[in-house]
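Here are a few friendly notes to read alongside the model. Please keep the structure open as you go through them.

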Amino acid sequence: MDYVSALVPPVVMAAFFIGLVVTIVKSQGGPNKAKEDAIVDIVIGGSGPARQSSADD
C-alpha cells in the first residue's frame, strides 16, 4: 500500500496539468481572441501616453 500512496500525488498533479494545458489550448483563438486583443490594446494604449508624458517632465 505504500506504493499507492507514493503514486497518488504525481498522478493527481499530472491530471491537473493536462487539464490546464487543454483549457489553455481550447481558449486560444476564436471569438475570445478578439476580446483578448482588444483588452491588450487598451492596456498598452492607456499606459503608453502616461509613461511618455511623465518621462518628458
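1. Leu-7 sits in helix H1, residues 2–26 (a helix here is a DSSP run of H or I with at least four residues, a strand a run of E with at least two, numbered from the N terminus). This is a predicted model, where local features need pLDDT of at least 70 and side-chain atom pairs 80 or more, while totals for chains, interfaces and linings use all residues. Residues are numbered from 1 along each chain as its sequence is written, and side-chain values use heavy atoms, without hydrogens and water.

2. The length of H1 agrees with expectation, because 25 residues at 1.5 Å each should span 36 Å and the end C-alpha atoms lie 37 Å apart (the span is 1.5 Å times one less than the number of residues).

3. Do look at Val-8: H1 has a kink of about 25 degrees there, shortly before Pro-9 (the angle between axes fitted to the seven residues ending and the seven starting at that residue).

4. How many residues of H1 are buried? The count is 0 among its 25 residues, with buried meaning under 20% relative accessible area, using a 1.4 Å probe and protein chains only. For the 57 residues of the protein chain, the buried share is likewise 0%.

Definitions and conventions:
Buried < 20%, exposed > 50% of the residue type's maximum accessible area, 1.4 Å probe, protein only.
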